[in-house]
Amino acid sequence: MDAYDEGSNARHGPDVPRRPAPPAQRGAPVDSAEPDVHPGPEPEPIASDVPPGPPEPDVHPGPEPEPVASLTPPEPVAALVPPEPYPPGEPRTGIAALSPRYQVGVALALAVVAIGVCVHIGMTFLHVAPPNTVTREHGTAVDDWIYPEFEQNWKLFAPNPLQQNISIQVRAGVRGPDGMTLTTGWYDLSAEDGRAIDGNLLPSHTQQNELRRAWDFFVATHDSENRPVGLRGALSESYLRRITVLRLDRDDAVRAATGSSGVIERVQVRSRTSNVPPPEWSREKVSTTPSYRELPWWRVPQDEARGGMR
């Protein structure tokens, strides 16, 4: 057996390292023909010109690193502005649809209306309130504001309500085209208001109270001889006269009597008062004979006559 024998007991040269026998051959007899060698993994070729470097460290894979943001400067952020009251696509309605100039005008109009309402409520409160320092100092201004259109009356809550029927009647002196003056008959204006209210679920305030309150205003500012008492007497006369002229202008009977061509020159007003008859079961005895209060003739100014009959 020479030195190049590759048996298990062969000697190797000094420059060749001894290779241990495979585990399958360690207990095998020497005279076996061929050893049972299992092929192992082929060694990787090593480049002869490149010196071997340090061994690579055993690095276990870990979590992937997060991507690093680019070094480009960030985009500018838009300034925070309050959102518009309406989306751009939705059309504006109401006051918001107006231009700023008209919005200012509407705001001023609403402010004026609000101030007027507050002043009226305050004047009405001072008028119905008991006498106080404000009414003693500014009572004339309060009365000028209230009378005659906004006068307050509390007879509905009086312990002795009215028990009389009062009708206001009027007649007129009408000048015709020929220059002659014709005196009409008496027209019962209260009866016309009563017919308009009867069966009406929502009668107007003028039909219910205008004529009645005008007469109460006149009676409160005149004595039994129809002479005015105080400065409000002349005001109550003009107020009652204007109402009667407007009623006669709308009366078809007056138009028919004058041929729709006359001009009202003067009017005369009277009241017809009669007691309300007691119920049948009552023993009270009252007179139902009417009484009249006739006022003197009032001349109608030209500016009022223009609004009357023509």
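This is a predicted model: local features need pLDDT of at least 70, side-chain atom pairs count only at pLDDT 80 or more; totals for chains, interfaces and linings use all residues.
Me: What share of the residues score at least 70?
Reply: The chain averages a pLDDT of 77. Over residues 1–8 the pLDDT is below 50, and this stretch has three contacts (heavy atoms within 4.5 Å) beyond near neighbours in sequence. Residues 27–33 also stay under 50, with one contact beyond four places in sequence. The share that scores at least 70 is 63%.

Me: How many helices and strands are there in the chain?
Reply: Helices (H or I, at least four residues) and strands (E, at least two) are DSSP runs, numbered from the N terminus. From that end the elements run α-α-α-β-β-β-α-α-α-α-β-β-β-α. The totals are eight helices and six strands.

Me: What percentage of the 310 residues count as buried?
Reply: Buried means under 20% relative accessible area, exposed over 50%, and partly exposed in between (1.4 Å probe, protein chains only). Gly-262, in the loop between helix H7 (252–258) and strand S4 (263–275), counts as buried at 0% relative accessibility. Of the 310 residues, the buried share is 22%.

Me: How many salt bridges does a search of the whole structure find?
Reply: A salt bridge is a side-chain nitrogen of Lys or Arg within 4 Å of a carboxyl oxygen of Asp or Glu. One of them pairs Arg-212 with Asp-216, with the closest N and O atoms 3.9 Å apart. Those two residues are four apart in helix H5, so about one helical turn separates them. The search finds six.

Me: Which parts does the salt bridge of Glu-210 and Arg-247 tie together?
Reply: The side chains of Glu-210 and Arg-247 meet at 3.4 Å, N to O. Glu-210 lies in H5 (residues 205–220) and Arg-247 in H6 (residues 232–250), so the pair ties together parts that are 37 residues apart in sequence. Glu-210 is partly exposed at 26% relative accessible area, whereas Arg-247 is buried at 8%. The parts tied together are helices H5 and H6.

Me: At what angle do H5 and H6 pack?
Reply: Axes are lines fitted to C-alpha atoms, for helices over the stretch in contact, and angles run from 0 to 180 degrees between N-to-C directions. The axes of H5 and H6 are 8 Å apart. The packing angle is about 145°.

Me: Is the crossing of H5 and H6 left-handed or right-handed?
Reply: A crossing is left-handed if the near helix is turned anticlockwise from the far one by less than a right angle, and right-handed if clockwise. For H5 and H6 the crossing is left-handed.

Me: How do the residues of the contact of H5 with H6 divide into nonpolar, polar and charged?
Reply: On the H5 side the contact includes Leu-211, Trp-215 and Phe-218, and on the H6 side Leu-235, Tyr-239 and Ile-243 are among the residues. Ala, Val, Leu, Ile, Met, Phe, Trp, Tyr, Cys and Pro count as nonpolar, Asp, Glu, Lys and Arg as charged, and the others, Gly among them, as polar. The contact divides into nine nonpolar, two polar and four charged.

Me: What value is phi of Asn-226 near?
Reply: Asn-226 is found in the loop between H5 and H6. This residue is buried, with a relative accessible area of 16%. Its phi is positive, in a residue other than glycine, and is near 65°.

Me: What distance separates the C-alpha atoms of Leu-246 and Glu-304?
Reply: Leu-246 is found in helix H6 and is partly exposed at 43%. Leu-246 and Glu-304 are 58 residues apart along the chain. Their C-alpha atoms are separated by 8.8 Å.

Key: Residues are numbered from 1 along each chain as its sequence is written. Side-chain values use heavy atoms; hydrogens and water are left out. pLDDT is the predictor's confidence in each residue, from 0 to 100.
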